[in-house]
Amino acid sequence: MSEYASPEEYNLADLLCCAASREVRNNEIVFAGTGLPMVAIMLGQKTHAPNLKLIFEAGTLDGRPPELPTSVGDARCETGASRSSGLNDAFSIAQRGLVDLGYLGGAEIDKYGNVNTTCIGNYLEPDLRLTGSGGNPDINSFSKRTVFIMVHEKRRFVENVSYITSPGWRVKKWPGGEWVHRRELYGSAYQGGPSAVISTAGVFRFDEHDGHMYLDTYHPGKTVEEVKSLCQFDLDVSRVKGETAPPTREELRIIHEVLDPDEIFIPKNKPKA
Amino acid sequence: MGNSKRITMQAAAELVKNGSSLTFSGFTIWRRPIAFVFELIRQKKTGIHLIEVNGGPQTEFLVGAGCVDVWESCWVGHELYGKYGANLSRKVGTKEIIVEDYSHAEMMFRFSAAASGAPYAVTQTSLGTDIHNPEYDMLGRAGRRDGKRVAKKKYIFAEDPFFDAGQVVLIPAVKVDVAVLCVQQVGEEGTVRVGGQYYSDPEACRAADVTIVVAEEIVPEEYLRRNADQNTIPSFEVDYIVECPYGAHPTGMFGRYDVDGAFLKDFYANTRTQEGFDAFAKEWVFGLDHIAYLEKLGWARMLKLRANTALNYSPRR
């Protein structure tokens, strides 16, 4: 492990990318979304998890793209892949329970890890319609662990999300809508749930029994109180371990020289004038 | 057999009647039949019920042009070139369109069910989410669930009767009138060879009553039959074929050309309003045919997008 970079050598995107890459373990099957998660997973592949297997939602299985794909449908995904197929394969593999880890994002999240990517405001009269679910709920339903990467704003870390697009640890039992632990709904498909949220303020984890989010580490330059004040719900800060580990110089080199030299997803750190 | 399936783009678009249910090949910003979609807009289609495993620029073009009444899917946007579907979003706000949300896997499995002749699919995905909120059955609210082309219910919960796996959700097979696929090669008799990820194309094709294939090139059927193991869709599942090079632009095509990100970025930035969309359509759709569209884009732009045939994409350096 090379030495940690000092604060002026990296930016927030670097920090998030490195924190995200540290969530993946060697030999895992990982479902990759577009963007920063893709860089994070490939960073893991080039550091501590060389034998991880990458699945792209559009149908590439065990892909080894030499040039960063701009989306999972990209022709670049399947270079060096074990198999190139389609969505029915990708989602069947997920439902079969073969996926260890998925990386996802969202516009809003609640204390149970329920995530919204569908609309802001009342679904029937929305203030803003967003992209919709995509594979977010599917990957989150079936993976053993999922990691959410999010912009941290108080309007995004909310008591109740506008629309539960993707299931957290406590979800709604329909038709009544009572809150229940996801274990009670998913039956034989239950394998786990959200394991981390990596926001622009800190790293959060979940108590799998009561389903509540807690602060694990705060990013360099932030304080516990500051992070707590950025959540509408009462954030559990009783288990804070300290600061998020910064990127190492080697990780920064891999991100900017090998994986994303064209700054498609991760801008290079611009020294302040 | 000969060339009996070959028709013009205009004739192909005329096969889609007002009120038809429609689906497309591809994935988000890849292999979408955009030239065909532009012809639908020129023909001023209305009342389209668009059913897609996932949406993309093709959705935004059709929705912006006012062709679509109902959109059943899970996602729309332009990936990193535009974070959501601004035209769909606007028309949801003004209630000019009904959106029925399913999850991505649910949409895929609904097409798989239709493609195998099953009335519905069974899954355990997305339990506990608002996708299954009974208040949010939008086609039901609109009184559109006739049990004929639109299922009587959005979904039904059941308990696994065989192995006690717990709760499952039953989701109806899609009913699609026309599928339009945009691919690299089709034979004169309709055999399709897709290069790269085939996304949900085989299921979309088999699910639909009529399939139109728009290909970069129509090749001798005999050429494709020399290596049948490399083919994606059998001849008899395809009803009509259209030859249209660069027919997916500005979306990408594995082995042929990359996504035109600048085009999508401009589209996303300039079509937040209806006036913006109308100006876009006036400039790029109306008054042009496909050749005039390509001429307007120009050689320099198209050559930059052209894929390296060894790599299957256009390398950045």
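Is B:Y246 buried or exposed, and how many C-beta neighbours does B:Y246 have inside 10 Å? I looked this up in the model, which is predicted.

**Entry on B:Y246.** I counted 20 C-beta neighbours inside 10 Å, so B:Y246 counts as buried. The cut-off for buried is 20 or more other C-beta atoms within 10 Å. I then checked the backbone and found phi of B:Y246 near 60 degrees, a positive value in a residue other than glycine. I placed B:Y246 in the loop between β11 and α9 of chain B.

**Entry on B:P250.** I went on to the loop between β11 (240-243) and α9 (261-270) of chain B, where B:P250 is found. The peptide bond that joins B:H249 and B:P250 is cis. I noted its omega as about 10 degrees.

**Entry on B:R31.** I traced B:R31 to the loop between β1 (21-24) and α2 (34-42) of chain B. I also checked burial: B:R31 has 31 other C-beta atoms within 10 Å, and is therefore buried.

**Entry on A:P175.** In chain A I looked at the bond between A:W174 and A:P175 and wrote down a cis peptide, with omega about 15 degrees. Where is A:P175 found? I located A:P175 in the loop between β11 (170-173) and β12 (178-181) of chain A.

Technical notes: Residues numbered from 1 in each chain as written. Chains lettered and ligands numbered in written order. Predicted model: local features only at pLDDT ≥ 70, side-chain atom pairs only at ≥ 80, totals over all residues. Helix = DSSP H or I, 4+ residues; strand = E, 2+ residues; numbered from the N terminus. Buried ≥ 20, exposed ≤ 12 C-beta atoms within 10 Å, placed from the backbone.
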